[in-house]
Amino acid sequence: MVREVRKMSKGTIRQILLITDGCSNQGEDPVAMAALAKEQGIVVNVIGVVGNEESATRGIQEVEDIAMAGGGISQVVKAKQLSQTVQMVTRKAMTQTIKGVINQELRQILGDKETIEDLPPEKRGEVMEVVDELGETVDLEVCILVDTSASMASKLPTVQEALLDLSVSLTSRIGGNQFCLYTFPGKRRPIEKVLTWTPKIQSIHSAFSKLGSGGVTPTGPAIREAIGSFLNLPRRRMIEHADTYIEESGF
């Protein structure tokens, strides 16, 4: 059984990583846009960076709702905890996606009601080894969305540091990494492309030095733009699970 699961083709996991303090106030509903991303096979993960603002409670609820609609993970943190959280959310979402696909495989092999959690401890351990292995070998594409509205101004240096730490943590992976970066609001339009798709997320360092902050928070349009960014990458055949997706590359 484990042998069959291990035969899964090397795939690609697509994520949107949204870093915001919540409280969108312009454009489409971000929850609806996150649901659209999920339909397109893109997991939406959200990190809410909160301070002591009175709006924090509403922002936290929005963060959780967006991630739930996008089939992803949400985490609310203080700015000083951001670096570790970005790495954790990215990797945890990969594991969640892979487990979803393996559960689909298990149901095909063992029956509709079988999942990893239903396996005997020994077999469960073997399958989790496969999950860990795939986490190192699948290709990862992450479109990063950074909220640069006025309330995020003091948090942007920490966001930059967190994304650089993310790049370091992922360089040891065997699978390929591709990143792009958008900020919202932009200088001349609601969303601005800061970094086109690249395997070198270190480029964010120079990009961040040019960023300003202020204005409204068009989170919904930003997610829509992020969905479109994946159209610039080669399409691959998709394996679909009820809540998560992984794409197969060549056979």
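## Overview of the chain

Of the 251 residues of the protein chain, 53% count as buried, where buried means under 20% relative accessible area, exposed means over 50%, and partly exposed covers what lies in between, with a 1.4 Å probe and protein chains only. This is a predicted model, in which local features need pLDDT of at least 70 and side-chain atom pairs count only at pLDDT 80 or more, while totals for chains, interfaces and linings use all residues. Residues are numbered from 1 along each chain as its sequence is written, and side-chain values use heavy atoms, with hydrogens and water left out.

The protein chain has eight helices and eight strands; helices (H or I, at least four residues) and strands (E, at least two) are DSSP runs, numbered from the N terminus. Among contacts between residues at least 6 apart in sequence, 79% join residues at least 24 apart, a contact being a pair with heavy atoms within 4.5 Å.

The buried residues of α8 are Thr 219, Gly 220, Pro 221, Ala 222, Ile 223, Ala 226, Ile 227 and Ser 229.

Two packed helices are described by the angle between their axes and the distance between the axes. Helix α2 (residues 30-39) packs with α8 at an angle of about 15°, and their axes are 8 Å apart; the axes are lines fitted to C-alpha atoms, for helices over the stretch in contact, and angles run from 0 to 180 degrees between N-to-C directions. The two helices α2 and α8 are therefore roughly parallel to each other, given that angles under 35 degrees count as roughly parallel, over 145 as roughly antiparallel, 65 to 115 as roughly perpendicular and the rest as oblique. The crossing of α2 and α8 is left-handed, a term used if the near helix is turned anticlockwise from the far one by less than a right angle, with right-handed used if clockwise. On the α2 side the contact involves Pro 30, Met 33, Ala 34, Leu 36 and Ala 37, which meet Thr 219, Gly 220, Ile 223, Arg 224 and Ile 227 in α8. These contact residues of α2 and α8 divide into seven nonpolar, two polar and one charged, where Ala, Val, Leu, Ile, Met, Phe, Trp, Tyr, Cys and Pro count as nonpolar, Asp, Glu, Lys and Arg as charged, and the others, Gly among them, as polar.

Phe 184 is found in strand β5 (residues 177-184) and is buried, with a relative accessible area of 0%. Not counting residues up to four places away in sequence, Phe 184 touches several residues, including Leu 18, Thr 148, Ile 191, Thr 219 and Ala 222. The C-alpha atoms of Phe 184 and Thr 148 are separated by 5.6 Å, although these residues are 36 residues apart along the chain. The peptide bond from Phe 184 to Pro 185 is cis, with omega near 0°, and Pro 185 has its place in the loop between β5 and β6.

Gln 26, in the loop between β1 and α2, counts as partly exposed at 37% relative accessibility. Leaving aside neighbours within four places in sequence, Gln 26 is in contact with Pro 190, Val 216, Thr 217, Pro 218, Thr 219 and Pro 221. Gln 26 and Thr 217 are 191 residues apart in sequence, yet 6.0 Å apart in space, C-alpha to C-alpha.

## Salt bridges

A salt bridge is a side-chain nitrogen of Lys or Arg within 4 Å of a carboxyl oxygen of Asp or Glu, and by this rule the count comes to five. One of them joins Lys 155 and Asp 21, with the closest N and O atoms 3.9 Å apart. Lys 155 lies in the loop between β4 (139-147) and α6 (156-170) and Asp 21 in the loop between β1 (11-20) and α2, so the pair ties together parts that are 134 residues apart in sequence. Both Lys 155 and Asp 21 are buried.

Glu 225 forms a salt bridge with Arg 189, the closest N and O atoms again being 3.9 Å apart. Glu 225 lies in helix α8 and Arg 189 in the loop between β5 and β6 (192-198), so this pair ties together parts that are 36 residues apart in sequence. Glu 225 is partly exposed, with a relative accessible area of 23%, and Arg 189 counts as partly exposed at 45%.
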